[in-house]
There are 2 protein chains.
Amino acid sequence: MFKNIDGGVTAAHGFRAAGIHCGIRKNKAKRDLALIVSDVPAQAAAVYTKNRVQGAPIAVTRAHVADGTACAVIVNSGNANTCNANGVLVAQKMCEGTADALGLSANDVAVASTGVIGQPLDIAPIAAGLPALVAALTDTGSADAADAIMTTDTRRKEIAVAFTLGGKTCRLGGIAKGSGMIHPNMATMLVFITTDVDIPADLLHAALVQNCESTFHMVSVDGDTSTNDMVLVLANGVAGNAPVQAGTADCDTFAAALEYVMRHLSREIARDGEGATRLLTCKVTGAASTAIARAAAKGVICSSLVKAAIFGADANWGRVLCALGYSVPALDPHTVDVSFASAAGELCVCKAGQGVAFNEEIAKKILTEDEVIIRVSLGAGIHEAEAWGCDLTYDYVKINGDYRT
Amino acid sequence: MFKNIDGGVTAAHGFRAAGIHCGIRKNKAKRDLALIVSDVPAQAAAVYTKNRVQGAPIAVTRAHVADGTACAVIVNSGNANTCNANGVLVAQKMCEGTADALGLSANDVAVASTGVIGQPLDIAPIAAGLPALVAALTDTGSADAADAIMTTDTRRKEIAVAFTLGGKTCRLGGIAKGSGMIHPNMATMLVFITTDVDIPADLLHAALVQNCESTFHMVSVDGDTSTNDMVLVLANGVAGNAPVQAGTADCDTFAAALEYVMRHLSREIARDGEGATRLLTCKVTGAASTAIARAAAKGVICSSLVKAAIFGADANWGRVLCALGYSVPALDPHTVDVSFASAAGELCVCKAGQGVAFNEEIAKKILTEDEVIIRVSLGAGIHEAEAWGCDLTYDYVKINGDYRT
């Protein structure tokens, strides 16, 4: 249905991006300012953090995207521009400077910031860096932009796919950052997705919101929902397809492509959780409803004790049962099966709520792979869900014990 | 109002206790079986874990305490007797063996187990150890019993107080275990409290349930609610006071003494959280309701990022704001003040939701004390609450990365 292609957030036609070091961060080797631009007006949709403390960029972007259009997004890392007296003013200046440099209206520019909370963000290095940033814009600039939005991330996160709508080849791709303060509703991340599909903002928004439930809302690294999360999608119509209409096969195809890209970025964010050595996936089946399946899957990947056991490659399935017991209100433990799986095989460790004898060596082998899957069958229905997290390691503590100073 | 006295769970007259090594654990230096006995029939009240997966001892104790009386409690560490096919049978046998040895009815014996989940609990060492355990019973046996119920705990937890009801001196004391899998509702712990007060089971239960809200339910170490939590209070009336009646000053005095003991044990459990180097207390004032104050205080002490920052003695108050933002539904960040306090002083770091300049050296000094207090003023009302947790350290990961094997 989709073909993976190169290009990330600049794979869609009519989009350019760039990422530079402007000086917000002291480390000159780390890019800290990114720009993504559509060469033509684009439809826009976004979802934001549900934290009641929200960064100034959230307020400004929310206002600018309210009309369903945007052409550019300016993003800095190294400072969240949150809980600052002049935060909104600085975020507005970032939009105005970007608009001036590109010949746009500030109202068509979105802004995002990520980094430490509560320290004033100096507009000077950003203003000084804008000319160079605009000059660096290119239709292969995705990687530089992806690098520039990283904070404690250890790996660049980008993906793109191609697919066909009404005989026209279309592209959809994105970049993401997210490593700590990752938790559902709205998980702690920045995600920018572009597509050259011609689709109205309301359908774009509906597809985005719906897909968030099964993708970004199913990721947790540390249970902390950040103040600055944002997922922004720009659709500029350059592919030339007949505009997508609600309830059509094209609409379904587009939503599926969007879900594919969002799912990939969700997994990449979980895999790169602060200090993580393993991607932890929980697949729940046999639930009485999707909501219960999701609660169960999230409960397991959020448990500090499960996460620490996975770090230690310890097949401590009792902690999985325990997490299910406080996450699923009507759980009947006597119908629950649990197995651990990975590229090294699969092992049933709990049947009908009770332990089954298993080979500890095989378990160890399964649990030391890069991706570990915990399969849970609740035995109570036909619904299922999947959630992603990571192990809890010494490095998580190290990274977060002294992040600010 | 109360005087601290020695004796822990055997401070109240008419109670004896003991703790021995019977062989559930391999380490012969670690006591693993405890017994607490009232020499006369006692009124009993208990609260249990709200996890849907519950250990077999919970089911058996629930049945035995349902009539409001109990004379003894038998407790093992090293195995939770949870998710085992024969768990209820083994828990019943523990009660029967204890009852036989003491000349009681099995229905008057409570049972609790703590340790790894999902491994069959062998009755043999317990049955073999019971005669020695009963022989060791003494009215100074609190410390041995407290030691025997410890798992990853690093310190014994006991307290007792004396107070006066109607001219009679009464005593109330308890022991607790709890270090990991600690989270409100019902926090992950075993607590046994005894008193020689004459009080009917219904009032005892009401005082216990009410005080849990402000004490054990305000403790979190890791967000995991265990399968085996139990707080049991036995009141044997040996003090000879006129039976406590509802709505009297005596009833208030008793409830206050109980709250004092429960609060002390709550703080001790938080202080001894797995891997903890610091007790973290969050005091919230200015809330629109007690429920909001409690949600705010719990949100702060549960945040992995706040906990890691405290470990690193990093005055990262932005994470406190962030935690408040996702814990308090109607939070207005613009009325929030935050300060850090300890024996080394107090420092305001956030005023009206925005950072204030502060001396980093003074902050470091405050944050390296044994107990760190985060004071939050919500500026939205007159209600307040207090919650207790601990820092998140390398040792938490180490302890839980390989607990089972």
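## Domains, sheet and interface

In chain A, 12 residues of domain 1 are in contact with 14 residues of domain 2, where contact requires that the C-beta atoms, placed from the backbone, lie within 7 Å. The model is predicted: local features need pLDDT of at least 70, side-chain atom pairs count only at pLDDT 80 or more, and totals for chains, interfaces and linings use all residues. Residues are numbered from 1 along each chain as its sequence is written, while chains are lettered from A and ligands numbered from 1 in the order in which they are written.

Domain 1 of chain A spans 3–271 and domain 2 of chain A spans 279–401, with bounds from an automatic or database domain assignment. Their C-alpha centres lie 32 Å apart.

Strands are DSSP runs of E with at least two residues, helices runs of H or I with at least four, numbered from the N terminus; two strands pair if DSSP finds at least two bridges between them. Strands β10 (residues 279–287) and β14 (residues 371–377) of chain A run parallel, joined by seven bridges.

Between the chains, 53 residues of chain B are in contact with 53 residues of chain A. The chain B side divides by class as follows.

| Class | Members | Residues on the chain B side |
|---|---|---|
| Nonpolar | Ala, Val, Leu, Ile, Met, Phe, Trp, Tyr, Cys, Pro | 24 residues |
| Polar | the others, Gly among them | 23 residues |

Definitions and conventions. Contact = placed C-beta atoms within 7 Å.
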